[in-house]
Amino acid sequence: MSEHAVVSEQQSEQRFGEFVVVRRDGAGHVAELVLDRPKAMNAVSSEMARSLGAACDALAADQSVRVTVLTSSNDRAFCVGADLKERNSFTDAELVRQRPVARAAYTGVLELPMPTIAAVHGFALGGGFELALACDVIVADATAVVGLPEVSVGVIPGGGGTQLLPRRVGAARAAELVFTARRVEAAEARGLGLVDLLEEDARTAALELAGRIAANSPVGLRAAKKAMRLGQGLDLRAGLEVEDAAWRSVAFSGDRAEGVAAFNEKRKPQWPGE
């Protein structure tokens, strides 16, 4: 199947290759990015990685999308990471060639310009947990089991895990989790900060959260995310300069003018998105 999007008759769904689907809500402001390789528990093959990268490219270019929610079509797993059966068949040269394809998938999620939410149901291991870590907020339910077990098979987390996990939980906690390769169940994961919200139904809760976020200015949302991402790790003075640049990018926008007018007129804003 082509990597180009195939639009369904209802115009509410786009399929990227065989294993990735993008669904849109009625207003089109919330996009659901669905990992759809259920027979393999969403193990990320080269084909799936290419499709995920293509879907992220399309979402990043779509100014109408205010929030993206990353979900799974499998009832047992969010994503179990890299397709190790495929990896086992690779020569060294093939593994080298496949590496940029895999990186593009994880980077695609990480660099989405709008707020992103991962809805974790079941296993989110290795690259699967890295996809969740690439999102701004992780919503899980009681079935969630997360972890970065890569050192147990002779590699390291290579989809951003060694960088994203310490930023989330601190260096020492991340080291313990990566070095032991242990799996962490939902309640402990919430306590350690590996997931942000523990809900009865992860997908439903994530989509509801996305709807609340999407009611806000799309210009403001993207600028706020950019400021937080670029400012992370900087000293306070440098971070405040990043924030000031982001403020200047929105201060004279149509969204800012509409937001102030709507507040004063006691009505809901109609965001121009510019």
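**Briefing: surface patch, cores, sheet and salt bridges**

Leu84 is partly exposed, its relative accessible area being 49%, where partly exposed denotes the range between buried (under 20% relative accessible area) and exposed (over 50%), computed with a 1.4 Å probe and protein chains only. The model is predicted, so local features need pLDDT of at least 70 and side-chain atom pairs count only at pLDDT 80 or more, whereas totals for chains, interfaces and linings use all residues. Residues are numbered from 1 along each chain as its sequence is written, and side-chain values use heavy atoms, with hydrogens and water left out.

**Surface patch**
- Leu84 belongs to helix α2 (residues 84-88), helices being DSSP runs of H or I with at least four residues and strands runs of E with at least two, numbered from the N terminus.
- Together with Val153 and Val155, Leu84 forms a nonpolar surface patch with about 270 Å² of accessible area.
- Such patches take residues with over 30% relative accessible area and no salt bridge, joining nonpolar side chains (Val, Leu, Ile, Met, Phe, Trp, Tyr) within 5 Å and like charges within 9 Å; accessible areas come from the Shrake-Rupley method with a 1.4 Å probe, and for residues only the protein chains shown count as cover.

**Nonpolar cores**
- The largest nonpolar core has 48 residues, and those with the most contacts inside it are Phe78, Val120, Phe129 and Leu165; a core is a set of buried Ala, Val, Leu, Ile, Met, Phe, Trp, Tyr and Cys residues joined through side-chain atoms within 4.5 Å.
- Helix α1 (residues 46-61) gives the most to this core, contributing six residues.
- Apart from it lies another core, of 14 residues, including Val30, Ile117, Ala205 and Leu209.

**Open sheet**
- Four strands, in the order β6-β8-β10-β11, make up an open sheet with mixed pairing, two strands being paired if DSSP finds at least two bridges between them.
- β6 (77-79) and β11 (184-185) stand at the edges with a single partner strand each, so one side of each has no neighbour in the sheet.
- Strands β8 (residues 123-125) and β10 (residues 145-147) run parallel and are joined by three bridges, and the bridge partner of Leu125 in β10 is Gly147.

**Salt bridges**
- The whole structure holds 14 salt bridges, each a side-chain nitrogen of Lys or Arg within 4 Å of a carboxyl oxygen of Asp or Glu.
- Arg24 and Asp62 form one, with the closest N and O atoms 3.0 Å apart; Arg24 lies in strand β3 (residues 20-24) and Asp62 in the loop between α1 and β5 (67-72), so the pair ties together parts that are 38 residues apart in sequence.
- Asp83 pairs with Arg37 at 2.9 Å between the closest N and O atoms; Asp83 is buried at 9% relative accessibility, and Arg37 is buried at 17%.
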